[in-house]
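User: I would like to learn how to read packing, charges and rings in a model. Can you take me through one?

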Amino acid sequence: MFDPYLLFLLGLGVVVLLVAWLPMALSRLPLSLAILCVLIGVAVFHGGVLPFRSDPLRFSTLTERLTEIVVIVSLMGAGLKIDRKIGWRRWSSSWRLIAITMPLSIVAVTLMGVHGLGLGLASALLLGGALAPTDPVLAADVQVGPPRSGEDGEARFALTSEAGLNDGFAFPFVHLAVAIALAGGVVGQPLLTHWLAVDVLWRVAAGAGVGWAVGKVLGWATFKAPHARISGTGDGLVALGATLVAYGVAEAAHGYGFLAVFVAALALRATERDHQFHEAMHDFAEQVERLLMMLVLVLLGGAVAGGLLDSLTWKEIAFGLALVFVVRPLAGWIGLIGAPHSMRERAVVAFFGIRGLGSFYYLAYGLNHGDFHRWDRLWAITGFVVLCSILVHGVTATPLMTRIDAWRRREVLHQDEAQLRRD
């Protein structure tokens, strides 16, 4: 009775309007945009209104590419809104989360997958690489504010920088899982040597190097080029161009494009840190990110309605709950021992290791490039973990971050008053 094309246009129009309105409507509620999008997807696809099924197993390549685009746009926005200058001590919490928390999470998930779920080493390691990174897309509610807003705080900064960096550093473990799968589960010295030399050292160095070079070149063209500065256009579309250039060049150099995009954003921001054009670029990237995010989450709801979680058993459910409530909080707490955080901020950072669309990308990438079995089981586990994170972290993000922000403002006020008394 209804033209599918007209239904698509109608649905797209509704999503665009919701992108503009829902963040404002939900700003004071313990309810996230992600939760609402998933529920919309479940309702629409369960009712059979649309003439196709949302199935990541059937459309695995499309799933990989769509989530890839969402993540790289999100990484550009995350890099642009970090006000803090790069430095070893200034970013100490970030390095701790990358070097300690993420490897601990990957090892824990892999061991749980092998010994608890009976998965092969390759499949368990793929889950570890996919589920360890904090997602830059769905973690927006716990990240720093827009450029030049000064809304940092150690907790928000740590979560933002972690989400930007660990998407690149999780990829070596996904590549290792693919290599083990293609080798039939046999792990030998040649495989590990190639992995360390190429997938770790070269790809990380190439991604960071290309990102920094692209960011510097675009920074010069945007803010310092004589007579033709791109910033004079005031067009935030530049952010999308910078994202695609950094990602494309890094991938062509066999580097990690996710890492390149985030580093390019940091380098672009550092070129002229306080210029208002950063706000235009960030706002545009954020709008594109929200639109794509809502689309993917509606499709996720459709996949749930279509039976994505049907193969789950109590073991997989226990695995997912343990990851969200035990593994990440414990690994995050260990990683931040000795960091310049208060106990409150350490607890918040440890808890908000949000799983999201990046996990779907890594899983789809691994399955599309390796020889893995029981795709349905791996998708069900990942889908359950992401849904659990969307629900738990989505409900708690607004009230908890509001309290930590209020506490931080009181601490700053007390410090200022103490300084005035000393003066």
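This is a predicted model: local features need pLDDT of at least 70, side-chain atom pairs count only at pLDDT 80 or more; totals for chains, interfaces and linings use all residues.

User: Which residues of the largest nonpolar core touch the most other members?

Analyst: In soluble globular proteins, nonpolar side chains tend to be buried together. Here the largest nonpolar core has 122 residues, and Met293, Met294, Leu297 and Ile390 touch the most other members. Helix H15 (residues 375-422) gives the largest share of this core, 13 residues. Take Met294: beyond its sequence neighbours up to four places away, Met294 touches Val15, Leu18, Val19, Leu22, Leu33 and Cys37.

User: What is the nearest side chain of opposite charge to Glu289?

Analyst: Lys81, at 6.3 Å. A salt bridge needs the charged atoms within 4 Å. Glu289 is buried and has no salt bridge. Glu289 is placed in helix H11 (residues 277-305).

User: Which residues do ring pairs link into a cluster?

Analyst: A pair of aromatic rings is described by the distance of the centres and the angle of the planes. The count here is 17 aromatic pairs. Ring pairs join Phe171, Tyr247, Tyr256, Phe258, Tyr361, Tyr362 and Tyr365 into a cluster.

User: Where does the charged end of Arg84 sit?

Analyst: Over the ring of Phe157, 3.9 Å from its centre. Arg346 lies over the face of Trp333, 5.0 Å from the ring centre.

Notes: Residues are numbered from 1 along each chain as its sequence is written. Side-chain values use heavy atoms; hydrogens and water are left out. A nonpolar core is a set of buried Ala, Val, Leu, Ile, Met, Phe, Trp, Tyr and Cys residues joined through side-chain atoms within 4.5 Å. Buried means under 20% relative accessible area, exposed over 50%, partly exposed in between (1.4 Å probe, protein chains only). Helices (H or I, at least four residues) and strands (E, at least two) are DSSP runs, numbered from the N terminus. Contact means heavy atoms within 4.5 Å. Lys and Arg count as positive and Asp and Glu as negative; His and the chain ends are not counted. Rings of Phe, Tyr and Trp (its six-membered ring) pair if their centres lie within 6.5 Å; planes under 30 degrees apart count as stacked, over 60 as edge-to-face and the rest as tilted. A charge sits over a ring if NZ of Lys or CZ of Arg is within 6 Å of the ring centre and within 35 degrees of the ring normal.
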